[in-house]
Amino acid sequence: MAPVLAQPKPADAPAPAVSEALAAEGIPSRFACFVTGTDTEIGKTLVSAAILHKLVESGQRACGMKPVAAGAELRDGELHNDDADMLIAAGNVHLPRNITTPFMLREPAAPHIAAALEGVTIEAVPILAAYTEILAASDAVVVEGVGGFRVPFNDTFDSAELAAQLNLPVILVVGMRLGCISHALLTVEAIVARGLVLDGWVANTADPDMRFFDENVEALEARIPAPLLGVVPRLEEPTAANAAHYIDLTGLPGWRSPRA
């Protein structure tokens, strides 16, 4: 099935998104996506890194972005987050960490709580500015959200609003475990309600002992109005390269086949 696009936003919608503004300036189309998930700890980072790996293999300058990362620790005088580090390792465009992750928070908690503990307010402007810098340096960008699609950043701003402001096509990672069907379909509804393109979805094995795994995938395929891009099994070595074998992005806008 083809990617789905909801009805246009009403006339009082926010100002044009970054991607639209860049397109208006004549910057050529390139592969870019926003990766979200049905929950936390369901494989968003693994899938995002796998997409970056495939982009690098295809000969593109690819950069990952984790706009908000909660759960960072100080190493060699610099804050590091495992998810953000995995994206950096998978891409081949290396920018300062304050660009690829504008909000690096120490506490491993919901972003609005972690930010409040540090006296920080997570806002859209620094993220959009950083994204523009990444676009200027790269052929392709993978932006990974945090937690599920509606995770709050502050009292009035959340991950869904960030995705809407970036106006990127969305790839949904479904953590395959008991309860995933409802979580996935509700997330799809939230994506479509914001007028975003759902490019496709990836089934990632969150629970290797899940019963009726194939039947659950089939139920989701019948109900999600976008293509299944891959089924990632439980990997003994969950690396970007290993996960990339199970994901097919052929046919997505901006995707280029690997060089011969």
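Visitor: How are H8 and H9 oriented to each other, roughly parallel or roughly perpendicular?
Guide: In this predicted model, the axes of helix H8 (residues 180-193) and helix H9 (residues 213-223) come within 10 Å and cross at roughly 20°. H8 and H9 are therefore roughly parallel to each other. Angles under 35 degrees count as roughly parallel, over 145 as roughly antiparallel, 65 to 115 as roughly perpendicular and the rest as oblique. The axes are lines fitted to C-alpha atoms, for helices over the stretch in contact, and angles run from 0 to 180 degrees between N-to-C directions. Helices (H or I, at least four residues) and strands (E, at least two) are DSSP runs, numbered from the N terminus.

Visitor: Which hand does the crossing of H8 and H9 have?
Guide: H8 crosses H9 in a right-handed sense. A crossing is right-handed if the near helix is turned clockwise from the far one by less than a right angle, and left-handed if anticlockwise.

Visitor: And which residues make that contact?
Guide: From H8 they are Cys180, Ile181, Ala184 and Leu185, and from H9 they are Asn216, Ala219, Leu220 and Arg223. Contact means heavy atoms within 4.5 Å. By class, the contact of H8 with H9 has six nonpolar, one polar and one charged residues. Ala, Val, Leu, Ile, Met, Phe, Trp, Tyr, Cys and Pro count as nonpolar, Asp, Glu, Lys and Arg as charged, and the others, Gly among them, as polar.

Visitor: What should I know about numbering and confidence?
Guide: Residues are numbered from 1 along each chain as its sequence is written, and side-chain values use heavy atoms, with hydrogens and water left out. As this is a predicted model, local features need pLDDT of at least 70 and side-chain atom pairs count only at pLDDT 80 or more, while totals for chains, interfaces and linings use all residues.

Visitor: Turning to H2 and H3, at what angle do their axes cross?
Guide: The axes of H2 and H3 cross at roughly 15° and come within 8 Å. That makes H2 roughly parallel to H3. Their crossing is right-handed.

Visitor: Which residues of H2 and H3 meet?
Guide: Thr45, Leu46, Ser48, Ala49, Leu52, His53 and Val56 in H2 meet Asp83, Met86, Leu87 and Ala90 in H3. That contact has seven nonpolar, three polar and one charged residues.

Visitor: What is the volume of the largest pocket?
Guide: The largest pocket has a volume of about 700 Å³. On a 1 Å grid over the protein atoms alone, a pocket is an open set with protein on both sides within 12 Å along at least five of seven lines, a cavity is a set of points where a 1.4 Å probe fits but cannot get out, and lining residues have an atom within 4 Å of a point. Grid points are joined across faces, edges and corners, and a volume is the space filled by probe spheres set on the points.

Visitor: Which residues lie nearest the centre of that pocket?
Guide: Of the 29 residues lining the largest pocket, Glu41, Ile42, Gly43, Thr45 and Asp83 lie nearest its centre. Helix H2 (44-57), strand E3 (68-70), H3 and strand E9 (198-205) each give two or more residues to the lining. The lining divides into 15 nonpolar, seven polar and seven charged residues.

Visitor: How many cavities are there of 30 Å³ or more?
Guide: The count comes to two cavities of 30 Å³ or more. The largest cavity has a volume of about 40 Å³, and its lining has five nonpolar, four polar and no charged residues. Strand E2 (62-65) and helix H3 (82-90) each supply at least two residues of that lining.

Visitor: What lines the second largest cavity?
Guide: Phe34, Pro67, Val68, Glu144, Gly145, Val146, Phe153, Ser159 and Leu162 line the second largest cavity.
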